[in-house]
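Notebook open, model loaded. I want to look at one helix and then at the aromatic rings.

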Amino acid sequence: MSLDSDTSSQGGDHRNFRQITRDRLLFEMLRSTRKNSKSTWKVLIMDKFTVKIMSYACKMADITEEGVSLVEDLYKRRQPLPSLDAIYFIQPTKENIVMFLSDMSGRSPLYKKAYVFFSSPVHKELVAQIKKDSSVLPRIGALSEMNLEYFAIDSQGFTTDHERALEELFSENAEGSHKYNACLNTMATRISTVFASMREFPRVHYRVAKTINASTMTTLRDLVPTKLAAGVWNCLAKYKTTIPEFPQTETCELLIVDRSIDQIAPIIHEWTYDAMCHDLLCLDGNKYVHEVPSKNGSTTEKKEVLLEDHDPVWLELRHAHIADASERLHDKMTNFVSKNKAAQLHQARNGGEVSTRDLQKMVQALPQYSDQIDKLSLHVEIAGKLNNIIREQCLRDVGQLEQDLVFGDAGTKELINFLRTQLGVSRENKLRLLMIYAALNPEKFESDKDSFVASCLLLPPFQIMLAGLSADDMIAVNNMRCLCGPDTKKSSGGGFTLKFDVHKKKQAHRKERTGEESAWALSRFYPVLEELIEKLSKGELPKDEYNCMNDPSPSFHGLPTSSSVRTSPAHSMRSRRTGGTWARPRGSDDGYSSDSVLKHASSDFKKLGQRIFVFVIGGATRSELCAAHKLSSKLKREVILGSSSLDDPPQFITKLKLMSVEEELTLDDLQI
């Protein structure tokens, strides 16, 4: 296979991760078929998986622009178009090859010529199967490995679509399961295709198994990062000999960890706009449905919008604290009204503020304003909904306790008092508090899963904690143990033991960040991954916890000097507020353009050092994706976060429940 000629392996490619993925699909795959094809328009045929790959990276307009007139599903009945050429973008599976041969063999093939692109390396047996059919061979215009088998969910993030990785790799039934090896092998292949696309050869770091001593047996669960690192390394070794111009020396860093490094991050309430939207609103992926005035203005109609990078307001606010986002939206709307004559006239006539709905109606006759007000009013509505939910569910109080538990300012006594006095706390939030407590105090939750709930109910303090929770909820709490390594504190009896000393001295489980004062309440929490990435960038990963598959080559210059890494701490002119109201910053930009953020989003990649890739097995969080963006600016190195999936708290808790379910279920079968 060949890559774009304008790329280079030593940080010379100045496009971001998603742009590179998009360009490969559009130019290296679709556009490359123009050379030998006489057909102006083509049919693009994909399977279910490659459709998702394409949809995450490209828009339909992009595909059409490259000469595709029709997109078809490989497994659906299709109309013969013998005058058109077809482009197949498919996984190299036996079933897909059979379908392809069925399309193109015999006297009457469905298409004139076929250009076949596989998403990952294809086995020799399948290539031989294609070559056996003498009627198909003359009709093949290209047979190529794209080596692109991941979902580019963000400009700096991807997933391998392993939604059940927690269950298949970390459940108590994972030992000896055929799904265990199958999951790891596929995951390794898909991670490797990221480096094929980026044309990067990484130095592969991984979290080592936490074996305590020679008498402690290392479980397959604890070996997951080690095994995945070995799988990725094997794939990369093959790429060095099979992919033209693939780097032969290290050009970047890859760190492989699993969800056990931070069990708090997937559960705790995160206060950024992005995290709040996905945690508290019923979004379908990134799709949000809201009501807008109809064209006649007398009624409303439902409209679907995508909260993605093409929306400049979303791009600016997604990583902002929800209070900051609300303040900035208010300023933007005020600014918009002050510059809009129609809005000023309406305000003067009615002697009051202009509502969002009034603005929407006014600008329907002013096309130049419609896109601006649509996006502004959308986010004003969303922020309003989020703030209402925060008030109704007393989330500020819940969030304060969550963070106090993590930073050692609260313990068992405070948790019990909170649950005793705050009777309005929802079942979901009570469950999340208990799961955080369990993650911070695993020694209190040693139990055989069958007797766990019954044992807990005999203890008065836990009766307060467990009130209103179901057996399924307690399964999620108990399964937090599956993400831990060997436990040195287990009792010799092996039964349920609970040392419930409410007066025990509280200990901090996470250190306060120095030099990073926040203007906003509830901003103390940060994911452990943020700390690990900074240590990796400085070459300071603990050697007893993290190994490397390959010693760096003499030409490897991935570790920057200390002067290029250390940046002076961000000084805040405002002290962090810990009270019940949000702090309010000053200084807002104009009503819509989000210039400062758009400039940041299109930052000059020429100035960035070598990339850092991090892969989290078992699901990443939005706070970790936010950290990747934040650290890219701080470290001057593009940080790309990958994971088996991107999970919001409800999804993560559902997956924890599935770890104990014997029969085959889908993720929709269990909800929190």
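This is a predicted model: local features need pLDDT of at least 70, side-chain atom pairs count only at pLDDT 80 or more; totals for chains, interfaces and linings use all residues.

I started with α9 and found Tyr273, Asp274, Ala275, Met276, Cys277, His278, Asp279 and Leu280 buried (buried is under 20% relative accessible area, exposed over 50%, partly exposed in between, with a 1.4 Å probe and protein chains only). That makes 8 of 8 residues buried in helix α9, residues 273–280. Helices (H or I, at least four residues) and strands (E, at least two) are DSSP runs, numbered from the N terminus.

Residues are numbered from 1 along each chain as its sequence is written, and side-chain values use heavy atoms, without hydrogens and water.

Next I searched the whole structure for aromatic pairs and got 13. Rings of Phe, Tyr and Trp (its six-membered ring) pair if their centres lie within 6.5 Å; planes under 30 degrees apart are stacked, over 60 edge-to-face, the rest tilted.

I looked up Phe158 and Phe615: a tilted pair, 6.1 Å centre to centre, with 35 degrees between the planes. Phe158 sits in strand β7 (residues 157–159) and Phe615 in strand β13 (residues 609–617), so the pair ties together parts 457 residues apart in sequence. Phe158 and Phe615 are both buried.

Tyr273 in helix α9 and Trp314 in helix α10 (residues 312–317) are 41 residues apart. Tyr273 and Trp314 are both buried.

Last entry: ring pairs join Phe17, Tyr150, Phe158 and Phe615 into a cluster.
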